[in-house]
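Please look over the model below before reading the points. They are set out by region, with cut-offs given where a term is used.

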Amino acid sequence: MGNEEQLADVALTWPVLGSRDVHRDDWVVAVRQDTIQRPGHDEDSFRRLVVEDPGAVVVLAIDEADRVVALRQYRHPVGMRLVELPAGKLDKAGEDPLVAAQRELREEAALEASDWVHLMTTYASPGITSETHALFLARGLREIPRDFDLHHEEADMTLERVALVDLIEAIFDGRVADAPLVTAVLAYDSLRSRGRL
């Protein structure tokens with residue numbers, strides 16, 4: 001790249017002048033308010049709400065017929081039943097994201113996979129939350145007994161296998177809009193077309 005700086009995100013923390021909890025309980029997600037300062041500008045301090053979130057794993061499980069394991073699940077904040085991929089929080093301290101992805105595929109879809117590939121990790125909405133999404137590809141699927149009791153919205157979710165080409169069309173037609181699903185599907189399709197998978 002010559003003398004150009006490498007295109008990459010850079011770790012950086014601006015000074016925090018104060019912080020207070022807006023909401024914190026025994027759940028894995030909390031909300032705090034920070035007062036931060038722009039470096040070198042003492043007069044420029046401002047408040048930001050931060051949603052503390054341990055992150056999540058998302059599983060793009062594809063079978064031998066090029067079908068994607070998809071869920072339909074009610075999501076109260078958006079008032080919709082969304083088409084999604086098996087996913088879940090990294091709510092066990094120190095848990096390897098791959099182990100969490102394997103657990104979520106087992107719990108939500110009653111499946112295990114023999115072949116796992118980490119596609120990428122993204123920030124969900126870095127202007128307000130620390131949440132990351134670790135996206136995994138799972139192939140070599142095998143049905144297994146479910147070892148987890150589904151509760152709340154999960155108790156009402158349905159499971160189906162959708163042709164990858166149909167799912168891509170649904171994304172581009174705007175019929176399916178869950179960001180982790182869109183990102184995982186398009187990343188997989190792009191990596192595959194580039195010969196990287």
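**Notes on the model**

1. Leaving aside neighbours within four places in sequence, Leu-17 is in contact with Thr-35, Gln-37 and Ser-45; contact means heavy atoms within 4.5 Å. Leu-17 lies in strand S1. From Leu-17 to Ala-124 the separation is 107 residues in sequence and 25 Å in space, C-alpha to C-alpha.

2. This is a predicted model, in which local features need pLDDT of at least 70 and side-chain atom pairs count only at pLDDT 80 or more, while totals for chains, interfaces and linings use all residues. Residues are numbered from 1 along each chain as its sequence is written, and side-chain values use heavy atoms, with hydrogens and water left out.

3. An open sheet of three strands runs in the order S1-S2-S3 with antiparallel pairing. Strands S1 (16-23) and S3 (45-52) are at the edges with a single partner strand each, so one side of each has no neighbour in the sheet. Neighbouring strands of this sheet are turned by 20° against each other on average, direction ignored; the angles are taken between axes, which are lines fitted to C-alpha atoms. Helices (H or I, at least four residues) and strands (E, at least two) are DSSP runs, numbered from the N terminus.

4. Strand S2 (residues 30-37) pairs with S3 in the antiparallel sense over eight bridges. Two strands count as paired if DSSP finds at least two bridges between them. Val-31 has Val-51 of S3 as its bridge partner.

5. Helix H3 (residues 179-193) has 15 residues and should span 21 Å at 1.5 Å a residue, which agrees with the 21 Å between its end C-alpha atoms. The expected span is 1.5 Å times one less than the number of residues. Just after H3, Gly-195 takes a positive phi of about 75°.

6. Among the buried residues of H3 are Pro-180, Leu-181, Tyr-188 and Leu-191; buried means under 20% relative accessible area with a 1.4 Å probe, protein chains only. The buried residues of H3 pack against strands S4 (56-61), S6 (80-84), S8 (111-123) and S9 (132-143), and against helix H2 (164-172).

7. The largest pocket has a volume of about 1400 Å³. Of its 41 lining residues, the closest to the centre are Trp-27, Ala-56, Arg-75, Lys-89 and Glu-131. A pocket is an open set of points on a 1 Å grid where a 1.4 Å probe fits, with protein on both sides within 12 Å along at least five of seven lines; lining residues have an atom within 4 Å of a point. H1 gives the largest share of the lining, four residues.

How values were computed
Axes fitted to C-alpha atoms, helices over the stretch in contact; angles between N-to-C directions. Buried < 20%, exposed > 50% of the residue type's maximum accessible area, 1.4 Å probe, protein only. Points joined across faces, edges and corners; volume = space filled by probe spheres on them.
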